[in-house]
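Student: Please show me how to read a structural model, one feature at a time.

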Amino acid sequence: MKKVDLKLSFEFFPAKNSAAEEQAWDSLKKLENFNPEFFSVTFGAGGGERLKSDSFVKKIGKDSLVPVAGHLTCVDMSKEEINDLALGWFEKGINKIVALRGDVREANKKYVPHPNGYINAADMCLGLKKLANFDIAVGGYPEIHPDSKNKQDDIDNLKRKIDSGADKIITQYFFDKDVFLRYRDEVMKAGIKVPLIPGIMPISNFKKIKNFSAMCGASIPEWVASEFTNLDQTPEVQQFVGASLASDLVKKLKKEEVNEFHFYTLNKYELTFAVCSRLLSLQSNLNNEQNKGEVRA
Ligand SMILES: Cc1cc2nc3c(=O)[nH]c(=O)nc-3n(C[C@H](O)[C@H](O)[C@H](O)COP(=O)(O)OP(=O)(O)OC[C@H]3O[C@@H](n4cnc5c(N)ncnc54)[C@H](O)[C@@H]3O)c2cc1C
């Protein structure tokens with residue numbers, strides 16, 4: 001049996017103020033202990049948010065030994081503006097990018113490409129790959145993207161992103177392992193061979209996740225919702241339950257030979273730390289068993 005390494009990555013967002021920035025940085029430093037493949041920083045299309053993303057990406061690039069991936073979205077930006085940001089990172093030794101279409105800020109408004117911008121994530125991949133040797137991740141949607149007409153349309157769009165040069169896929173979060181496993185089958189059937197990394201969202205606040213999930217098309221199974229019944233007034237208990245559910249999910253995926261995980265940390269380390277500790281302990285037990293087997297053989 002081949003020994004496998006776990007590959008972990010952790011997503012952050014640019015903090016709103018200096019206190020939040022400190023908290024995010026503290027979390028990032030704690031999660032460095034897991035020797036992740038990369039940290040990633042989300043991108044907000046507004047001018048102020050754009051600058052915050054840019055400076056957080058550069059700070060991680062400068063002050064952490066872990067590689068950083070900057071997210072970029074097409075919303076409200078010309079190709080030139082996006083290329084300048086990406087090249088600014090590249091000049092500082094940052095070559096990882098998560099290329100996304102993005103969403104319009106106003107609720108119920110449809111995405112329309114910027115007149116001089118990249119049309120969508122696939123178009124951005126093409127453009128960035130021409131610029132420099134970027135290592136690009138794109139988004140994947142196990143429960144299909146809300147703008148996709150159907151499953152096939154969604155997979156075709158994913159395939160276009162890979163054909164445009166994307167190197168890996170990070171998925172939207174999901175709570176049922178079978179949702180991911182079915183998606184993995186469909187992705188493989190489409191001939192897509194790049195790594196497919198499940199996005200894991202440990203639930204720290206059920207109400208917030210429920211609202212967000214409704215917008216991004218991630219379903220919450222009844223059995224997950226029921227775990228949070230009567231926990232509205234006890235946020236700390238919700239965290240234990242959230243960590244436990246995420247832990248169960250990654251262990252089930254690990255058994256299905258999933259060895260790479262991307263965590264949506266929401267800038268807090270505690271739940272992600274707990275889940276990764278348990279995952280690593282599972283991995284080390286598996287390795288020990290394998291070693292014993294090899295010695296016996
Ligand atoms: C791992 C991950 C990280 C993310 N990070 C961020 C982030 O940092 N910032 C942020 O704002 N959002 C982020 N998002 C959310 C993402 O921007 C939204 O899900 C967005 O709606 C789709 O982006 P995409 O890159 O998947 O789009 P694409 O793959 O380009 O397209 C998604 C859907 O839109 C349709 N579509 C594409 N182009 C057009 C067009 N021109 N007109 C109409 N429909 C079109 C496609 O057919 C497809 O159904 C992230 C999502 C994931 C999975």
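Tutor: A crossing of two helices is right-handed if the near helix is turned clockwise from the far one by less than a right angle, and left-handed if anticlockwise. Please note that this is a predicted model, in which local features need pLDDT of at least 70 and side-chain atom pairs count only at pLDDT 80 or more, while totals for chains, interfaces and linings use all residues. Residues are numbered from 1 along each chain as its sequence is written.

Student: In which hand does H9 pass H10?

Tutor: H9 passes H10 in a right-handed crossing. Helices (H or I, at least four residues) and strands (E, at least two) are DSSP runs, numbered from the N terminus. H10 covers residues 270-296, and H9 covers residues 235-255.

Student: At what angle do the axes of H9 and H10 cross, and within what distance do they come?

Tutor: Axes are lines fitted to C-alpha atoms, for helices over the stretch in contact, with angles from 0 to 180 degrees between N-to-C directions. The axes of H9 and H10 cross at roughly 35° and come within 9 Å. On the H9 side, the contact is made by Gln239, Gly242, Ala243, Ala246, Ser247, Val250, Lys251 and Lys254. On the H10 side, the residues are Glu270, Leu271, Ala274, Val275, Arg278, Leu279 and Leu282. Contact means that C-beta atoms, placed from the backbone, lie within 7 Å.

Student: Which classes of residue make the contact of H9 with H10?

Tutor: The contact of H9 with H10 has eight nonpolar, three polar and four charged residues. Here Ala, Val, Leu, Ile, Met, Phe, Trp, Tyr, Cys and Pro are nonpolar, Asp, Glu, Lys and Arg charged, and the others, Gly among them, polar.

Student: At what angle do H3 and H4 pack?

Tutor: H3 (residues 79-91) and H4 (residues 121-131) pack at about 50°, and their axes are 11 Å apart. H3 and H4 are therefore oblique to each other (under 35 degrees is roughly parallel, over 145 roughly antiparallel, 65 to 115 roughly perpendicular, and the rest oblique). The crossing of H3 and H4 is right-handed. From H3, Lys79, Ile82, Asn83, Ala86 and Leu87 meet Met124, Gly127, Leu128 and Leu131 of H4. By class, six of these contact residues are nonpolar, two are polar and one is charged.

Student: Which residues of H4 are buried?

Tutor: A residue is buried if 20 or more other C-beta atoms lie within 10 Å of its own, exposed if 12 or fewer, and partly exposed in between. In H4, the buried residues are Ala121, Ala122, Met124, Cys125, Gly127 and Leu128. They pack against H3, H5 and the strands S3, S4 and S5, of which S5 spans 135-140.

Student: Is lysine 161 buried or exposed?

Tutor: Lysine 161 counts as buried because it has 27 C-beta neighbours inside 10 Å. Lysine 161 is found in H5. Leaving aside residues up to four places away in sequence, lysine 161 touches Ala121, Ala122, Cys125, Val138 and Ala166. Between lysine 161 and asparagine 287, which are 126 residues apart in sequence, the C-alpha distance is 35 Å.

Student: How many residues surround the ligand, and which are the closest?

Tutor: The ligand is surrounded by 25 residues, of which the closest are Thr42, Arg101, Asn120, Ala121 and Gly139. A residue is near a molecule if its C-beta atom lies within 6 Å of it. At least two residues of this shell come from each of S3 (68-73), S4 (96-100), H4, H5 (151-163) and S6 (168-173). H5 gives the largest share, three residues. The shell divides into nine nonpolar, eleven polar and five charged residues.

Student: Where is asparagine 230, and is it buried or exposed?

Tutor: Asparagine 230 is in the loop between H8 (222-227) and H9. Asparagine 230 is exposed, because 7 other C-beta atoms lie within 10 Å. Its phi is near 65°, a positive value in a residue other than glycine. Glutamate 257, in the loop between H9 and S8 (260-264), also has phi near 65°. With 8 C-beta neighbours inside 10 Å, glutamate 257 counts as exposed.

Student: What does leucine 245 touch?

Tutor: Leucine 245, in H9, touches Ile203, Val224 and Glu227, not counting residues up to four places away in sequence. Leucine 245 counts as partly exposed, with 19 C-beta neighbours inside 10 Å.

Terms used: Contact = placed C-beta atoms within 7 Å.
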